[in-house]
There are 2 protein chains.
Amino acid sequence: MPERLIVVGGDAAGMSAASQARRRRNADDLEIIVFEQSDWVSYSACGEPYYLSGAVSELSQLVARTPEQFWAQNIDARLRHRVTAIDKSAKTVEVEHPDGTASFGYDQLVYATGAAPITPDVAGVDAEGVYSLNTLDDAETIKKAMTGARHGVVIGGGYIGLEVAEAFRVQGLETTLITAGGGVMNRSLDRDMADLATEQIRRTGLRVVTDSRIRDIATEDGRAVGVDCDEFFPGEVIVVGLGTKPEVALAEAAGIPLGPTGAVAVDERQRTAIPGVWAAGDCAEAFHRVSGRPANVHLGTVANKQGRVAGINLGGDHATFPGILGTAITKYLDVEIARTGLTEAEAQEAGLDVAAATTTSTTTAGYWPTAAKLWLKVVAERGSGRLLGAQIVGGPTAGKRIDVLATGIWNEMDGHSFSMMDLSYAPPFSGVWDPVLIAARKAADAAT
Amino acid sequence: MPERLIVVGGDAAGMSAASQARRRRNADDLEIIVFEQSDWVSYSACGEPYYLSGAVSELSQLVARTPEQFWAQNIDARLRHRVTAIDKSAKTVEVEHPDGTASFGYDQLVYATGAAPITPDVAGVDAEGVYSLNTLDDAETIKKAMTGARHGVVIGGGYIGLEVAEAFRVQGLETTLITAGGGVMNRSLDRDMADLATEQIRRTGLRVVTDSRIRDIATEDGRAVGVDCDEFFPGEVIVVGLGTKPEVALAEAAGIPLGPTGAVAVDERQRTAIPGVWAAGDCAEAFHRVSGRPANVHLGTVANKQGRVAGINLGGDHATFPGILGTAITKYLDVEIARTGLTEAEAQEAGLDVAAATTTSTTTAGYWPTAAKLWLKVVAERGSGRLLGAQIVGGPTAGKRIDVLATGIWNEMDGHSFSMMDLSYAPPFSGVWDPVLIAARKAADAAT
């Protein structure tokens, strides 16, 4: 009889694990069952705001692979199946599905439950017209609610908040973005860069309300009509984007140990402390290469890689997850925002002695007709000049430069060495010294 | 009395050297005289095609710094001064200028003469209407010649050739690009990638004639009217872009030793074999970090860095030039082309045992409305999987990804390690696995 692998959660991490395991072990050797509580597997949650904006016309475009494609690989992906309990001693899971409940034994289990939206504790949050954006079903619901709405409010200025605000604006809604902190992306950027990003975004005409406290969501006949802060902001459609928390309830109940971040603790092969139980994706921790500490970021990039590592190991090969830098990117219309490594504040919090430099340059040669401003903040370790983190705000093509800095940080380069690297140049693409080279040098100058 | 530094050639390398030396030593300590044979110093030759296309409206926009700016720094930049001889024993240079000739003694000399266009040995090449594009004056001459012309021919399919062909097309000239090799960029890309680039560029409507032999340039009354290959291609304005050769005549005559590439040999501090004589930029060699051999590339990026290194050393500090990868980028309309490290052919020629993989992906998430094709070829060392080179052809935003690969190659990463790096992702910017990660993994898979 084959071993049985049960995967709890059928999105990026879970399906990557299933696919990699299957590539290495056939169905006679390993049975693979995936339980997914929603109607979809393997979809791009990151694409959902763009369904709202209309950039993506069909939800199905966001599905990387269908259940049928997995079935064809002998991966038994079961939709609308919710795992309600894991018994690590008996090696069983309890499952609720449309026709009842069932119990399944496993030899190996991949815990890939993802993350759940954080909802604010204010009156009216459960009213009709107030949504969070997590699953494809959420996207469909919000899209319908946007039809006919005149005003939109987004609560939260992070990735999802900005992207939904963009969608609202593109679709013609008069939009307010409300953030409790000091500007958009204030948990991803240092305050100075968050201020810059906020200023750039405001210039596009978006109303951004910062440092605000939400009193309640105003309702009429059970339907949301706006948000009360010190001021009232009208909105028939309100999306809450306050970030997500790892889905660890099942793990906690089952006694699968969590780490200091509150996510499931894993080793570099994605094993939990429980033999036969693996974890990957938003619900699992990851080693942060710069802080040297466990971290828990909710990014598709990390989920795919961790799932892949778990699956390769389950398949009998050897793989390790090398850790993260927390590299991320987003945009609001033409304003691109990206980050990698540690911010200055995060580095200080991690006990590092750091210096930082912020440069203002352009995305192309200064004389090129589409030259747009590009602000780049680089954080370096005092003494060594080692690069620790970078943040970018700028016009089109600014953001993806973060990958060059991420690669330098990954390799523990110091800013002076980095600044002499042989990067590409032509006037439509950059100045002769690419902004990343200049910013790294200035940070190292400040640090040494 | 102060030491005297004479700089021969006032573009990127020479002026960077002068500026860095001046920052560290004031005029009482170091006198700096720059002799530049043209009417301009410190200009962007790379921007010249964009003056032809109209993207840059004034030639003066291409001047990074004026002579007046250098004078204000106590750098005595003299235009229309051509150095005709260097006497390394007497430590003097002979100079021709509009009012006659003169001799100047020096203590230190920076040889930064740049490179000169290669001209084909065919009848008609000296006719009116046939140009090469090197100095700003050349750009002005060609721009005038384009006015009223109906047909343009570009001889050469490298960076300058493509960029001038783009300018011709943008300005409405019926244009033919003629290349002796197998496709555009055939000295920068492997044949398969050059073919891809050629195909993409042809799709925009440019006539590209490959593997052709030019018989002569046809003239009427001393004016060019077209180019005779097997076929006749009409052109009242013809630009020759067959690349450049290092300007070493003065050095050779003076007994400053050249290296195996034919450019001036330098050590990592930019010193030539002659005490007190430094060299930097297109006329000087550079250590290639992948081949381990001396190389001679003609790129503004390298010239600026080498000039900077020479200047820092002249200024009394210590700097070394860490070598090159030959990273470069260009575009033809929406087709971006970039490369770094060694091509497969170059790697084989350098005696390396290599494997390569080419991936086809998209510049953004596949479902994003502006998703464009992106081809990425990665070359890796057999056994180790170490990354040796990469080539990109693709739509907007494809090209600058070369910098991420360059940074990986610079750090001697193997393709598997590279593929697990934490790079940024959002649907408008890439797939969840950025194409560079996938291509690096496939190359490493092929190599190990």
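Of the contacts in chain A with a separation of 6 or more, what share comes from residues 24 or more positions apart? The share is 66%. Two residues are in contact if their C-beta atoms, placed from the backbone, lie within 7 Å.

## Basis

This is a predicted model, in which local features need pLDDT of at least 70, side-chain atom pairs count only at pLDDT 80 or more, and totals for chains, interfaces and linings use all residues. Residues are numbered from 1 along each chain as its sequence is written, while chains are lettered from A and ligands numbered from 1 in the order in which they are written.

## Chain A overall

Chain A has 12 helices and 25 strands. These are DSSP runs: helices are H or I with at least four residues, strands are E with at least two, numbered from the N terminus. The C-alpha atoms fill a box of roughly 70 × 60 × 40 Å along the principal axes. Of the 448 residues, 58% count as buried, with 20 or more other C-beta atoms within 10 Å of their own C-beta, placed from the backbone.

## Domains

An automatic or database assignment sets the domain bounds. In chain A, domain 1 covers 3–37 + 80–115 + 245–314, domain 2 covers 119–242 and domain 3 covers 337–447. The C-alpha centres of domains 1 and 3 of chain A lie 36 Å apart. Their contact takes four residues from domain 1 and seven residues from domain 3.

## Chains A and B

Here 49 residues of chain A are in contact with 49 residues of chain B. On the chain A side, helix H8 (300–314), strand S21 (328–332) and helix H10 (402–410) each give two or more residues. H10(A) gives the most, with seven residues.

Technical notes
A residue is buried if 20 or more other C-beta atoms lie within 10 Å of its own, exposed if 12 or fewer, and partly exposed in between; C-beta atoms are placed from the backbone.
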